[in-house]
Amino acid sequence: MSPLSLATVTDWVGFSRAVRHLHANKVAAEDVRWRLAGAASDDLFAIADAIDAHSLPDAPAMHLPKSFVAPAREVFLHANEDRLPLLHRLAVRIAHDARAWADPLHADRLQFDRLHREVKREIHKMHAFVRFRPIEEIADDCPSVTRHVAWFEPAHHIVEAAAPFFARRFATLRWAILTPRVSVQWDGRALAFGPGAQRADAPCADAGEALWLAYYRSIFNPARVKVAMMKKEMPVRFWKNLPEAAQIGALLAEAPRREQRMIAAGGAERARKRGSVDIADSAVSGVPVEAADLESLRRRAARCRDCPVADAATQTVFGEGNAGARLMIVGEQPGDHEDLCGRPFNGPAGQLLRAAFDELGWDARRLYLTNAVKHFHHELRGKRRLHKTPGQQEAAACLHWLEAEIAALRPQAIVALGATAARSLLGRDVGVRASEGSWVDRDDGVRVLICLHPAAILRAEESRRAALRARWIDTLRQAGPHAFADMAPAGGAC
Ligand code: URA
């Protein structure tokens, strides 16, 4: 059969129309040749000879599960040449027998999952590594307008899929992202896609960038450099378009000397605490802490998609409570209940915590409750959503929200419930069992009380639970005088 052509590498509508047609006519995936306009390997003559997928006659719909179609649209964006036969083959198999989609070990399924992961990762990397530079645009008789322009070279055809994120995040700015295949612009109202560009079309460095580079140098912590991790988070192929990456060589070269100086100055401990962000972490969150009021933070966080966890969660679960609270309680992340109702500490661990407040005579309305990570990180087991402990990457991506909450609230003290909260608050690993009940000062002077997470009590063996809970309540009690001026200090080390 003659080759089939698609209008662009993102022409999903043409592709699905063609697959329906091929299925109805029993043409096997191996017998189809595809031509894609705009693909790196396109050949104008070959495309002219091909049958346009949009001109094919209508064919009956194929009934495919959403759980296949949604990721298939993303797999379609992969640059791998085999993706179209793969999607065609899988669609036909699933249309014949829906159970084919349930076999996670079939070779096609494994390849599908791998391509899907790679596309999602590329979208995430684009969100993290686009660097805008401002240019002044002057039109006759009009005041000049600033447009922010970035150059980016994605490995897959993801620009259209990644662009809405920038429209949400930079809704009030005028910006453009140029890439070799396509460009995208935002004028404050709508996204517009246009032809590809060249690197030279993007502006050069400016004074704002010098400021960003100075900030980057200042957060580079020689005591915490993990080069392999850094390259995993910020793959080397992106470095040529990341202004800060040009400094990495020099920063790494001088890292041992700087570390020695820090140790000599007794500053190594301080360097591991908040204020010095691991270079890899900073690449993930990419957003310096700002002071803002809690309500506007909550609104902005509702749109946050800084890490892949956000895509699987129902909503952002931001902190809540008294905006004048003197005590902040920080947990790990929302659980299943919290994800559905959108409020922290509402499930079983939250009930245990709220019962402890009652027992301590604490009025929860005078506290502020939040989590280190604002989205529910989980894995699916059948229909169940099982909690997954957030990794360093998720915690790092969310850190700027937590720091912004602290900056807005300015609490006197913070209770860290569990290891994730303690690590986010203090910038280093804390053995919670060993440090339970101790107070540690952050660099901003706020004191942090290390406590068990209530889930640890729920998970403990029945025979140990009561004793563990009693000790936990005693630990929490130490924070009372910070929250409620009328409360006498506990006998402990507050
Ligand atoms: N566990 C947490 O750490 N936070 C919640 O909000 C719920 C459970």
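Trainee: Which residues does H375 touch, not counting residues up to four places away in sequence?

Mentor: In this predicted model, H375 touches C304, R305, V309, A310, A313, Q315, T316, Q333 and P334. Each counts as a contact because heavy atoms lie within 4.5 Å.

Trainee: Where is H375 placed?

Mentor: H375 sits in the loop between β11 (368–371) and β12 (378–381).

Trainee: Why is H375 called buried?

Mentor: The relative accessible area of H375 is 3%. Buried means under 20%. So H375 is buried.

Trainee: What makes the pair H375 and T316 a polar contact?

Mentor: Their side chains are joined at 2.9 Å. The cut-off for N or O atoms is within 3.5 Å. The pair therefore qualifies as a polar contact.

Trainee: Let us turn to the ligand. Which residues are around the ligand?

Mentor: They are G331, E332, Q333, P334, G335, E338, P344, F345, N371 and H453. Each is in the shell because one of its heavy atoms lies within 4 Å of the ligand. By class, three are nonpolar, five polar and two charged.

Trainee: Which atoms of F345 and H453 come up to ligand oxygen?

Mentor: For F345, a polar backbone atom is 2.8 Å from an oxygen atom of the ligand. For H453, an N or O atom in the side chain is 2.6 Å from an oxygen atom of the ligand. Taken alone, the ligand exposes 240 Å², and the protein buries 93% of that.

Trainee: Which residues of α1 are buried?

Mentor: W12, G14, F15, A18, V19, H21 and L22 are. Each has under 20% relative accessible area, so each counts as buried. These residues pack against β1 (4–6), β2, α3 (66–75) and α4 (83–96).

Trainee: What sets K26 apart, after α1?

Mentor: K26 follows α1 and has a positive phi, near 55°. K26 is not a glycine. K26 lies in the loop between α1 (12–24) and β2 (34–36).

Trainee: Why is K26 called exposed?

Mentor: K26 has 74% relative accessibility. Exposed means over 50%, so K26 is exposed.

Trainee: What is the phi of R410, and where is R410 placed?

Mentor: Phi of R410 is near 45°, a positive value in a residue other than glycine. R410 is in the loop between α16 (392–409) and β14.

Trainee: Is R410 buried or exposed?

Mentor: The relative accessible area of R410 is 71%. That is over 50%, so R410 is exposed.

Trainee: Why is E118 called partly exposed?

Mentor: E118, in helix α5 (residues 107–129), has a relative accessible area of 30%. Buried means under 20% and exposed over 50%; E118 falls in between, so the name is partly exposed.

Trainee: Which residues does E118 contact, leaving aside its neighbours within four places in sequence?

Mentor: E118 is in contact with H78 and H156. V75 is 43 residues apart from E118 in sequence, and their C-alpha atoms are 8.6 Å apart in space.

Trainee: How long is α20 against its expected span?

Mentor: Helix α20 (residues 462–477) has 16 residues. From first C-alpha to last, α20 reaches 23 Å.

Trainee: Which residues of α20 are buried, and what do they pack against?

Mentor: L468, W472, I473, T475 and L476 are buried. Among their packing partners are α15 (348–360), β16 (447–451) and α21 (480–483).

Trainee: How many helices and strands does the chain have, and how much of the chain is buried?

Mentor: There are 21 helices and 16 strands. Of the 494 residues, 49% count as buried.

Technical notes: Residues are numbered from 1 along each chain as its sequence is written. This is a predicted model: local features need pLDDT of at least 70, side-chain atom pairs count only at pLDDT 80 or more; totals for chains, interfaces and linings use all residues. Side-chain values use heavy atoms; hydrogens and water are left out. A polar contact is a pair of N or O atoms within 3.5 Å; within protein, one must be able to donate a hydrogen and the other to accept it, and residues adjacent in sequence count only if both atoms are side-chain atoms. Accessible areas come from the Shrake-Rupley method with a 1.4 Å probe; for residues, only the protein chains shown count as cover. Ala, Val, Leu, Ile, Met, Phe, Trp, Tyr, Cys and Pro count as nonpolar, Asp, Glu, Lys and Arg as charged, and the others, Gly among them, as polar. Helices (H or I, at least four residues) and strands (E, at least two) are DSSP runs, numbered from the N terminus. Buried means under 20% relative accessible area, exposed over 50%, partly exposed in between (1.4 Å probe, protein chains only). The expected span of a helix is 1.5 Å times one less than its number of residues.
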